[in-house]
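Dear colleague,

Please find below the sequence and structure that I am passing on to you. My notes on what was found follow directly after it.

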Amino acid sequence: MHYLPTIKITTLLSQIHHTQRRKKQNQSINFSFERDRIESKIMEGKEEDVRVGANKFPERQPIGTSAQSDKDYNEPPPAPFFEPGELSSWSFWRAGIAEFIATFLFLYITVLTVMGVKRSPNMCASVGIQGIAWAFGGMIFALVYCTAGISGGHINPAVTFGLFLARKLSLTRALYYIVMQCLGAICGAGVVKGFQPKQYQALGGGANTVAHGYTKGSGLGAEIIGTFVLVYTVFSATDAKRNARDSHVPILAPLPIGFAVFLVHLATIPITGTGINPARSLGAAIIYNKDHSWDDHWVFWVGPFIGAALAALYHVVVIRAIPFKSRS
């Protein structure tokens, strides 16, 4: 009978092992339950984020939408139509100077690039159309980056006009910007002509015209759509609501604006030489000053201004509109 203590010990160890295993199972069940509960809460939060969607970042009431009161960001009030006080502010005048210098540099670099392509024996011997598009887009990227904190980096009367319609700046500032942009463009093209007067006149001076084989209506349509793409991109890249909503995605505003200019040039250089900037078209036309450069010149003012107006209307009425939300 000496083996009885051994049996008792074995039984006791078995019971202890069984008890410990049950405790581990219970702990595992409790842990799984707690994990599922936490995951459920997280998913509920995500579903709530998706459900409220655009209403998480309300704004002031645009046309045709219900008003919202709470805000997650500070949006400046609409600019007054006329603000006499800014005429005595140095920031107002230096902003115009910044627009002048930026447009001057823009015309200088881009028209020189166009002239270099025109004087080459073939496209393969120069940067070609792609190079011209990169020159325009790259300069806009660099100049908007440099002047955005001073004047907003418009460098284009169509952009200024669109922002004015959206109440982003006063009529006084808009007119001042447009005058300075046009003067800067004239000076920029004039310096290019001063460097190479004979070649400038012989190679077209970078002036915009509707290409042979296209009607004025085709040129006008190309300018409208091209400017719409540009101004729509400007609105989207500088939208305060977008910056608040997508703060986890840093956006360098000059980059999409410059890239939009690049893409529009790729598409419309064969049609109109790509205006989408009345100051750029005016500066080259005045310095080149040939009859055929003035025949279609109205296209490069009417088209960009219509495109800018449509972009402003689309942004304010559609993109910035707030969905109806129940207040119950």
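In this predicted model, glutamate 86 and arginine 173 are joined through their side chains by a salt bridge, with an N to O distance of 3.4 Å. The pair connects distant parts of the chain, 87 residues apart: glutamate 86 sits in the loop between H1 and H2, and arginine 173 belongs to helix H5 (residues 171-195). Both glutamate 86 and arginine 173 are buried.

When neighbours within four places in sequence are left aside, the residues in contact with glutamate 86 are Phe92, Ser170, Thr172 and Arg173.

How many salt bridges does a search of the whole structure find? There are two. The other pair to report is aspartate 296 with lysine 216, whose side chains meet at 3.2 Å, N to O. Aspartate 296 is buried, as its relative accessible area is 8%. Lysine 216, in contrast, has a relative accessibility of 41% and therefore counts as partly exposed.

Threonine 215 is found in the loop between helix H6 (197-202) and helix H7 (216-237). Its side chain and that of serine 218 form a polar contact of 3.1 Å. The C-alpha atom of threonine 215 is 9.3 Å from that of isoleucine 271, although the two residues are 56 positions apart along the chain.

Isoleucine 155 is not a glycine, yet it has a positive phi of about 55°. It is located in the loop between helix H3 (128-147) and helix H4 (157-165), and with a relative accessible area of 0% it is buried. Threonine 274, also not a glycine, has a positive phi of about 65°. The loop that contains threonine 274 runs between helix H9 (254-272) and helix H10 (278-288). Threonine 274 counts as buried, at 0% relative accessibility.

On the surface, a nonpolar patch is formed by Phe81, Phe82, Leu87, Trp90, Trp93, Ile97, Ile101 and Leu105, which together have about 810 Å² of accessible area. One of these residues, leucine 105, is part of helix H2 (residues 90-119). Leucine 105 is classed as partly exposed because its relative accessibility is 34%.

Finally, a point from the database record. Which residues does UniProt list as "transmembrane region"? The unreviewed entry gives 92-115, 127-154, 174-192, 251-271 and 298-322. In the model, residues 92-115 are 100% helix and 0% strand, and the C-alpha atoms at the ends of the span are 35 Å apart. Residues 174-192 are likewise 100% helix and 0% strand, with 27 Å between the end C-alpha atoms.

Yours sincerely

Definitions and conventions
Residues numbered from 1 in each chain as written. Predicted model: local features only at pLDDT ≥ 70, side-chain atom pairs only at ≥ 80, totals over all residues. Heavy atoms only, no water. Patch = residues over 30% accessible without salt bridge, like charges linked within 9 Å, V, L, I, M, F, W, Y side chains within 5 Å. Areas by Shrake-Rupley, 256 points an atom, 1.4 Å probe, with all protein chains shown as cover. Salt bridge = Lys/Arg side-chain N within 4 Å of Asp/Glu carboxyl O. Helix = DSSP H or I, 4+ residues; strand = E, 2+ residues; numbered from the N terminus. Buried < 20%, exposed > 50% of the residue type's maximum accessible area, 1.4 Å probe, protein only. UniProt positions renumbered as here; feature names shortened; annotations may be inferred. Polar contact = N/O pair within 3.5 Å; in protein donor to acceptor, adjacent residues only side chain to side chain. Contact = heavy atoms within 4.5 Å.
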